[in-house]
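These questions and answers walk through one structure with the sequence and the model side by side. Please keep both in view while reading.

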Amino acid sequence: MGSKPIEGERKVFMTGNEAVAWAALAAGADIMYGYPITPQNEIMQYWTRLGPKYDKKFLQTEDELSAGFTTIGGVLTGKRAFTATAGPGNVLMQEPMSMAEAMRIPTVVVIQQRGGPSTGTVIYSQQEVTLTCFGGNGEGLRVVYSTSSHQDLFDYTIKAFNTAWKYRFPTFVLSDGYQAKMRESVVIYDPEARGIQMVPTEPYVGKAGTPGKDRPAAHLRNTYNIEEELLEVLSKDIEEYERVAPEIIEYDAYNTENTDLLVIAHGVVFRSAAMAVKELASQGNKIGYFRPITLRPFPKEQLRQATQQAKQLLVVESAYGQLLKIVKDNLYGLNIPIKTLLRPGVGITPEEIAEKAKALLAGKEA
Amino acid sequence: METKEILPKMPKSWNPASKPHKFCPGCGHGLVLKALGQVIDELNIQDRVVFGCDIGCSLLSWDFFNVDTVQTHHGRTTPVMVGIKRANPDLITIAYMGDGGGYAIGSQHLVNAANRNDIITAILVNNTVYAMTGGQMAPTTMPGQKTETTPYGRDIKEAGYPMLGPEMVAAIAHEGAYVARGSIAKFRQLKTFIKKAIENQMAGRGFSFIEALSTCPTNWRTNAEKTWDFVENIMPKYFPIGEYKVPGGKEE
Amino acid sequence: MPRVIEAYIGEYASGKSENAVNRALELASRGRHVNLVDLDLVEPCYTLRPLKRQLEEKGITVLAWETGEMIGLGEIGNLLRPEVRFCLHRPGDVILDVGYGVFGAQVFNLIEGADRNPDLKVYVVINIARPLTATVPDVVAHVRELGRADGLINNSHLGDETNIEFIQEGARIVDEAARILGIPVVATSVMEDLAPLIGDKDCFGHPVRVLKRFMPRAFW
């Protein structure tokens, strides 16, 4: 077996979960920790099938708390470590990710959203946006990539390791059960062959030398004695997060100049939105779309610019206003009507979006 | 300097900058950490140890040693140490926790790390109370013992029985595991147990678990004499001291 | 008239269900009585269930749970439907859609009489766009790991981006693997839009089966 899982690049046909496992391999991830939950299981199943061939490790933990905290442990040794979860597992995952946020530990977590609240359903949803962006008892100092295709899943899983290790904020790849299970073609590649340099890692603990003699001991803390002490650390982290945000932010936009209607969607719903918008635009309508790829940090200025050229907005998501809340927050102060198509936990077709958009364009719907 | 001679001898692996330590007068943590410090020195492993401390009074040990140390969350020290060990088996990982962290909120991690025979060492300090939060009932509070949440004494019909940790871990642990209960009242024996536990990890044999009976005069509201009597005479009646599992099966 | 008893087995997302469904429909269109059996025990919520009614309307007996009958879309365990266990005792043809998983052909231990049924054929569906079955040695190793195989089906494709060259490359790899394994290539499967471009035989002379796409509708 070759030392590299992928030589050069090749086009393959696979599910989204497999694309994640291959991407983690391609990115040089060393170890995965995980607990079974639908719909992310095949990430673990493919990692464990492929891993031994490339000297990669895996630990199946007792729950998602443990999966998150063992992932933190793996990262502390300077390894690219990751985990994957969904739904109720994502709820438990917020405790360890809060620690990663506090201690600037570059964990990578893949979320395959499922329907909620509670156990809900297992295939499809966009209801973990708030949880993934702002979960934990903190300020949401994390990076969240929302994917909408297998190519995204492959590309952004690799990128997640680099973003995490470059900026030292916990990084999430936010997908959903539909993308996880759907089959489509994807080009998998060795990042190096594409000129993508993997950001080097370094251990937080177990560096060379005897602590106290050759080097200071690493005393890594997340607890503070006085409020000002916490504020000082947090202010520095927030300042840094705000400063690097423009480098991290990604979005996609189409036809945003002087639109009668700007459709805003992310993730798998964006696929439907893009189809509907392009169809209506081809019929001569002044309609465009805006897709945030990073939900945290959010492409605020770019959305505000697009919004200032639009007559009204349509936010579409498979949740009851989680993206909507972020959009409103980022558009504060702009006077623009915001219409919605909110379908928590179920899919949205291009036809449904087109129908809603047509009604809005015709002024038939207030 | 003259005063040097009367200073207690500190283990080399201790961090002098954080001394005197902040544990209460009469607290047992200092003795457990002294035993651990001496063991680290004797085994010459200061450069390989990663020490993880739980939330609770055990957190006060976070800068206690000149070894790499990670504060974790309440109950989550075991998985962090497991994660480190799995990713870098050359390191010697020591999870340090109280009875609440190990037997209540983090019990699933203790049980599963023991059952997987993870090559880590867990040291759990049993002082029968939640001390840092102000003396509430712990999983190890003795029958009849008064705490802030058992104001009339622990009624085992209502609040259940104290957790017998080493007995439980030994019952589920596998060949290669080392399990013992020591006491700060028997310092040399406790240190031997801790040393065997870390040597067991270094030999790669299996999970190592030490419960240390300890004192909390602050929350027990006891004077020196009563404190010592409780840890030396009363606690072992419910929590017998000794080795519960050794590789090869020859418990002391 | 001999019974047709075929099991479609193979790597995850290799096209087992698509081939099984199309085979069942083809047999039914010739007036045969067909039982289509869902034996996916690893990922049970994404198989034939959503198609059940549609297939039943075409006269096929579908032995599968309906999505709505399963708690949490299969979240609560992989329940084997009792009549699946006895499917070989039913009159008519039997087409088994077997899920993927590490147990391979051991799944037939769950079917009464499978071990001594002389008519049962186990066909392995191969798509060379699947990374773990992309080369001749990989296909041979994969098929041997399954434990039983009576024939191979070349189902090589890249979804919407499939072309004839890719299918023929699949035929070449599958043909060579079949020779090494000492089993026949049963067919090359081709989506209906590309079928006119390839004719009724692939470049190795293996018969072409034309597929209609059903499985995308099996989501949600």
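Q: Which residue in strand 5 of chain C stands opposite I9(C)?
A: This is a predicted model, and what follows is computed from it. Strand 1 (residues 5-10) of chain C runs parallel to strand 5 of chain C, and 6 bridges join the two. Within strand 5 of chain C, the residue opposite I9(C) is V124(C).

Q: How many residues of strand 5 of chain C are buried?
A: Strand 5 of chain C spans residues 120-126 and is mostly covered. A residue counts as buried if 20 or more other C-beta atoms lie within 10 Å of its own. Of the 7 residues of strand 5 of chain C, the number buried is 6.

Q: How far apart do the C-alpha centres of domain 1 of chain A and domain 2 of chain A lie?
A: Chain A is divided into domain 1, covering 9-194, and domain 2, covering 251-361. The contact between them takes 22 residues from domain 1 of chain A and 20 residues from domain 2 of chain A. Their C-alpha centres are separated by 26 Å.

Q: Which element gives the most to the side of domain 1 of chain A that touches domain 2 of chain A?
A: The elements that give two or more residues to this side of domain 1 of chain A are helix 5 (129-134), strand 6 (143-146), strand 7 (171-176) and helix 7 (177-181) of chain A. By class, the side has 8 nonpolar, 12 polar and 2 charged residues. The element that gives the most, with 4 residues, is strand 6 of chain A.

Q: Which residue of strand 7 of chain A stands opposite S146(A)?
A: Strand 6 of chain A and strand 7 of chain A pair in the parallel sense over 4 bridges, and together with helix 6 (residues 150-167) of chain A they make a right-handed β-α-β unit. Strand 5 (residues 108-113) of chain A also runs parallel to strand 7 of chain A, joined to it by 6 bridges, and I111(A) in that pairing stands opposite L174(A). The residue opposite S146(A) is likewise L174(A).

Q: Which residues of strand 7 of chain A are buried on the side that holds L174(A)?
A: Strand 7 of chain A is mostly covered, with 6 of its 6 residues buried. On one side the buried residues are T171(A), V173(A) and S175(A). On the other they are F172(A), L174(A) and D176(A).

Q: Why is helix 1 of chain A largely enclosed by the rest of the structure?
A: The buried residues of helix 1 (residues 16-26) of chain A include N17(A), E18(A) and W22(A). After the helix comes G28(A), whose phi is positive, near 80°. Helix 1 of chain A is largely enclosed because the number of its 11 residues that are buried is 11.

Q: Which residues have the most contacts inside the largest nonpolar core?
A: In soluble globular proteins, nonpolar side chains tend to be buried together. Here the largest nonpolar core has 240 residues, and it draws at least three residues from each of domain 1 and domain 2 of chain A. Among the residues that V263(A) touches are I287(A), Y289(A), L314(A) and I353(A). The residues with the most contacts inside the core are V263(A) and L36(C).

Q: Which element gives the most to the side of chain B that touches chain A?
A: Of the 2 pairs of chains in contact, chains A and B share the most contacts, and their contact takes 29 residues from chain B and 35 residues from chain A. Strand 2 (68-71), helix 2 (77-87) and helix 4 (107-116) of chain B each supply at least two residues of this side, which by class has 12 nonpolar, 12 polar and 5 charged residues. The element that gives the most, with 8 residues, is helix 2 of chain B.

Q: Which residue in strand 2 of chain B stands opposite L220(A)?
A: Strand 9 (residues 219-220) of chain A runs parallel to strand 2 of chain B, and 2 bridges join them. The residue opposite L220(A) is V70(B).

Terms used. Residues numbered from 1 in each chain as written. Chains lettered and ligands numbered in written order. Predicted model: local features only at pLDDT ≥ 70, side-chain atom pairs only at ≥ 80, totals over all residues. Domains from an automatic or database assignment. Contact = placed C-beta atoms within 7 Å. Nonpolar A, V, L, I, M, F, W, Y, C, P; charged D, E, K, R; others polar. Core = buried A, V, L, I, M, F, W, Y, C linked by C-beta atoms within 7 Å. Buried ≥ 20, exposed ≤ 12 C-beta atoms within 10 Å, placed from the backbone. Pairing = 2+ DSSP bridges. Right-handed = clockwise from strand over helix to strand, strands pointing away. Lists of a residue's contacts leave out its neighbours within four places in sequence.
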